[in-house]
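Please look at the sequence and the 3D structure shown below. The report that follows goes through parts of the model one at a time.

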Amino acid sequence: METVRDRDSPDDWKTRLREALGYRSWCRFRIRVRKASEPWRALTDGMHQQGSGGEKAVMLQLPLFVAAAAHYQALEPTAPHPVYLDEAFAGIDAEMRGHCMGLPTDLDLDFVMTSHDERGFHEEVPGVATYELFRDPGQEGVLATPFI
């Protein structure tokens, strides 16, 4: 980031920010999968499309969670380890959702998730705070009802 900031460039700030934060230029992910005793293989679009909803989620989310957990290992033990998810488990059956939500829990990640139908109450999740939001179009504001 310092290299981009210090470089004398006529680029506008958006271009400089994109260069500094664009992880694709300085980080590459390769996802490999295997089933049972089969050898490891690179995950391809075709392989991903063949999986069930739960398999698809695990194939893409597990590497995300592991990468985040590895990044957070350098922090103090009391530091938060946030991961923000938007409709991460939509279309996945309830049993598989529990397993998927157990992954960040097992990796000591603090995840915040938005969903229109997920409450987070699964055996694999030891503690959860859920806020259900309700908006009446005829009134100002939003009612937030917490479930702990």
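## Two paired strands

Pro 82 of strand S3 has Asp 110 of strand S4 as its bridge partner. The model is a predicted one, in which local features need pLDDT of at least 70 and side-chain atom pairs count only at pLDDT 80 or more, while totals for chains, interfaces and linings use all residues. Residues are numbered from 1 along each chain as its sequence is written, and side-chain values use heavy atoms, with hydrogens and water left out. Helices (H or I, at least four residues) and strands (E, at least two) are DSSP runs, numbered from the N terminus.

S3 covers residues 82-86 and S4 covers residues 110-114; the two run parallel and are joined by five bridges. Two strands pair if DSSP finds at least two bridges between them. Another bridge links Tyr 84 to Val 112 in S4. From S3 the chain passes through helix H5 (residues 94-106) to S4, a β-α-β crossover that is right-handed. Right-handed here means that, with the strands pointing away from the viewer, the path from the first strand over the helix to the second runs clockwise.

Which residues of S3 are on its covered face, and which on its uncovered one? Val 83 and Leu 85 make up the covered face, whereas Pro 82, Tyr 84 and Asp 86 make up the uncovered one. Val 83 is in contact (heavy atoms within 4.5 Å) with Phe 65, Ala 68, Leu 109, Asp 110, Phe 111 and Val 112, leaving aside its neighbours within four places in sequence.

## Helix H5

H5 has 13 residues and reaches 18 Å from its first C-alpha to its last. This is close to the expected 18 Å at 1.5 Å a residue, where the expected span is 1.5 Å times one less than the number of residues. At the start of H5, a side-chain oxygen of Asp 93 comes to within 3.2 Å of the backbone nitrogen of Glu 95. Just after the helix, Asp 108 has a positive phi of about 60°.

The buried residues of H5 are Arg 97, Gly 98, Cys 100, Met 101, Gly 102 and Pro 104. Buried means under 20% relative accessible area, exposed over 50%, and partly exposed in between (1.4 Å probe, protein chains only). These buried residues pack against helix H4 (53-72) and S4. Leu 103 is also found in H5, but Leu 103 counts as partly exposed because its relative accessible area is 22%. Leaving aside neighbours within four places in sequence, Leu 103 is in contact with Leu 62 and Phe 65. Leu 103 and Leu 64 are 39 residues apart in sequence and 10 Å apart in space, C-alpha to C-alpha.

## The nonpolar core

A nonpolar core is a set of buried Ala, Val, Leu, Ile, Met, Phe, Trp, Tyr and Cys residues joined through side-chain atoms within 4.5 Å. The largest one has 14 residues, of which Phe 65, Ala 68, Val 83, Leu 85, Phe 89 and Leu 109 touch the most other members. H4, S3 and H5 are the elements that give two or more residues to this core. H4 gives the most, with five residues. In soluble globular proteins, nonpolar side chains tend to be buried together.

## A buried glutamate

Is Glu 118 buried or exposed? Glu 118 is buried, because its relative accessible area is 11%. This residue is placed in the loop between S4 and strand S5 (130-134). The side chains of Glu 118 and His 122 are joined by a polar contact of 2.8 Å. A polar contact is a pair of N or O atoms within 3.5 Å; within protein, one must be able to donate a hydrogen and the other to accept it, and residues adjacent in sequence count only if both atoms are side-chain atoms. Not counting residues up to four places away in sequence, Glu 118 touches Arg 97, Met 101 and Met 113.

## Positive phi in two loops

Most residues other than glycine have a negative phi. Ala 36 has a positive phi, near 50°, and is found in the loop between strand S1 (32-33) and strand S2 (41-42). Ala 36 counts as exposed because its relative accessibility is 75%. Glu 87 also has a positive phi near 50°, and lies in the loop between S3 and H5. At 28% relative accessibility, Glu 87 counts as partly exposed.
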